[in-house]
Amino acid sequence: MIQSETLDLLEWPRLCQQLSTFAVTKLGAIAARHLMLPETQADSEHLLVQTREVYWLESETTGLSFSGVENISPALERVEKQGTLSGKELLAIATTLNCARQLRRLIDSHELEVPVLSQLVADLRTFPELEQAVHHAIDDLGEVTDRASPKLGGIRTQLRQGRDQIYQKLQKILQRHTGAIQEQLITQRSDRFVIPVKAPQKDSIPGIVHDASTSGATLYVEPQSIIEMGNRQRQLQRQEKTEEEKILRQLSEQVAEVLPDLEQLLAVVTTLDLATARARYALWLQANPPRFVAADEITTLRQLRHPLLVWQGQHEGGHDVIPINVIVQPHIRVVAITGPNTGGKTVTLKTLGLAVLMAKAGLFIPAREPVEIPWFDQILADIGDEQSIEQSLSTFSGHIRRISRILNTLVSPAPSNALVLLDEVGAGTDPSEGSALAIALLQHLANSARLTIATTHFGELKALKYEDERFENASVEFDEETLSPTYRLLWGIPGRSNALSIARRLGLDETVVAQAQNYVGIGGQEDVNQVIAGLEAQRRRQENSAEETAKLLAQAEKLHAEVASKAQQLQEREQELKRQQEQAIQAAIAEAKAEIAGVIRRLQQGEPKAQEAQKATESIDKIAQQQRSQRQAQTPPRFEPKVGDRVRIPSLGQTAEVLSQPDADNKLTVRFGLMKMTVSLTEIESLSGEKADIPVKISTPAPPPPPPKAPALRTSRNTFDLRGQRVSEAEVILEAAIAKANGPIWIIHGHGTGKLKRGVHEFLQHHPQVERWEAAEPSDGGTGVTVAYL
């Protein structure tokens, strides 16, 4: 009984009603309005996983669609009693089967992301053959179709033909007896075809009168000539009805054969709809999934909002919800909340109670992550006034009776895993006795329940924290400047009396206020209030400092992110420039190679002359000069550090100030912070990323290089084969060759005994026109060929 009372006191049914608005199906809405609370923590965690997976589907995909799901429970109950379903009921079953199949298909396509939902629909049977049979026999309006059976199709064909014959017959009568006809009209009365006949002329059209107008001037007559045809139509209609019932009965029997599976399917679809309602409610509420903590862990609910007040603020024009923070250490068993009336104490109790119930039911909690909360076996509450004239109960008596039921519900062994919420504990009687009763009750609950949250006005309860470490104080903040509560919950600070200060600010006679202070014992009470006021002021200063620190941290993180992003962009830009430079260099090298190859081809195609060789050399020098110019143009800009400049040291990740000019070893002194150090120019760069310009050391100038020689290109004209010649004969040939040559010559002498080779080398050694000689490249003959340069 007390559990049910607690749900009503916390307005749980109202929250369930709001949850039901997010359900799609009728059964889902009913399940949401009568939301059951799990008996075990494992069941709650299973529901939370369902909610989390549907939340993912709603956020990352098109979400689950329940279009076509109908409430087929009444139909299944009638089938269970061997009843026959109507066409519309069978159509509802078919569309529900189709929707269930679509739901399973969507969930199976994301099996890795939603394993619990996949397991839920793993054994779901959707009976496509039953769905096909229903759609074959029933149209979209729930009527039996002609194709449902050949017999039914034949009967309806005869009905249409008979109707056409009756219409033709009646049309002839209307044309033949126009004077007796009230109106050119064919209608029906009691499923019989009739025509409107003027009452005085009824004898001119013999037949059966089925109806008359209100005035009696018109009689609706079935002519004698179509009575037999009408009887035949009536017989066909009865046959049609019998055949339709037979078809519906056959389909109902097919449904009855799979009744348990259909009931299971309906339960699974309802479960999915309820999980979807929880997920969509969480999305709307901007709630986060809770984590159930053990007894030795801290309860953490930051920026917790009352869900009903959030709904009221958005749908009913209420005020913005002020969140509260609930941080309970694991050793705390009782929290006493003090503060002025209308300060938000009762709302705090209800907010915490609803948060615990929501977590148990698989709902997300409207609080900032991380949401860490214990799982309680029981939530017991005494909130509000149970005063009753009929039962002769005063406010105090009502509280005591409800608290007695709470204590009787707490089970052994102590402490019970229960959350107890008490509003204005000990109120409604003599303050001294009420205070004593409240202290005794809270001490008892500290031993009997896992956590008790109590609101009170008794100052004596504030001291329990300093006598027993299991007690904690909290208070609702009150702004003395505006004489209104801020609805913020302050932890660790007891509330103080504001009655006298409020009375003074509101203009109550100072004499009365002073006398009141004498009655309450101004000395001790004022000292306590001053201490509490000091604690509140200190807390506000700490909160302001924390807020400023948080803002600075947020700004620093934002700046760091911007700098990191710009650094990444610069690095990517630098890599892109290097890549473009490399491509340009490779292209230039390829172009230069092509030009050099062209020069060589031109030299090889004709007789080499000194002028042509000199032109080829100049062309190659020109190409080299172009490449050097391109490389210089592509060299990144550099800078010369000066005293006072700010530079970056990439290896240290520091920005430093230059204190001296670079010395002869290209080193300079820098300072960052309080530290000075000597670094090389190669270790620093400008703030914009430019490398330092390294000066080139000046040494004794070397003599200018000799002018470039003509390229040594071997052709048939400058190659002489002396193999088989004597040394004397070879000398004559060489003398003539040297006289005509305009460049180096290639002399083929082979190896043999080596006598010819030695003779050639000796001749070249003493010839005045020969500058030097050397063995040819291995590809040109190696030591068997000598190249002489003139």
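A charge sits over a ring if NZ of Lys or CZ of Arg is within 6 Å of the ring centre and within 35 degrees of the ring normal. The charged end of K360 meets this rule over the ring of W375, at 4.5 Å from its centre. R189 lies over the face of Y220, with 4.2 Å to the ring centre.

The model is predicted: local features need pLDDT of at least 70, side-chain atom pairs count only at pLDDT 80 or more, and totals for chains, interfaces and linings use all residues. Residues are numbered from 1 along each chain as its sequence is written, and side-chain values use heavy atoms, leaving out hydrogens and water.

Confidence is given as pLDDT (the predictor's confidence in each residue, from 0 to 100). The protein averages 84. A score of at least 70 is reached by 86% of the residues. Over residues 387-393 the pLDDT stays under 50. The model has six contacts (heavy atoms within 4.5 Å) for residues 387-393 beyond four places in sequence. Residues 522-527 also have a pLDDT below 50, with three contacts beyond near neighbours in sequence. Where pLDDT is low, the predicted coordinates should not be read in detail.

Aromatic rings were examined next. Rings of Phe, Tyr and Trp (its six-membered ring) pair if their centres lie within 6.5 Å; planes under 30 degrees apart count as stacked, over 60 as edge-to-face and the rest as tilted. Y55 belongs to helix α4 (residues 41-60), and F364 to the loop between α13 (345-360) and β9 (368-374), so the pair ties together parts 309 residues apart in sequence. Helices (H or I, at least four residues) and strands (E, at least two) are DSSP runs, numbered from the N terminus. Y55 is partly exposed, at 25% relative accessible area. F364 is buried, at 4%. Buried means under 20% relative accessible area, exposed over 50%, and partly exposed in between (1.4 Å probe, protein chains only). F22, Y281, W284 and W311 form one aromatic cluster.

T786 lies in strand β25 (residues 785-789). T786 is buried, with a relative accessible area of 2%. Its side chain makes polar contacts with the side chains of H749, at 2.7 Å, and H761, at 2.9 Å. A polar contact is a pair of N or O atoms within 3.5 Å; within protein, one must be able to donate a hydrogen and the other to accept it, and residues adjacent in sequence count only if both atoms are side-chain atoms. Leaving aside neighbours within four places in sequence, T786 contacts residues including I745, W746, L764 and W773.
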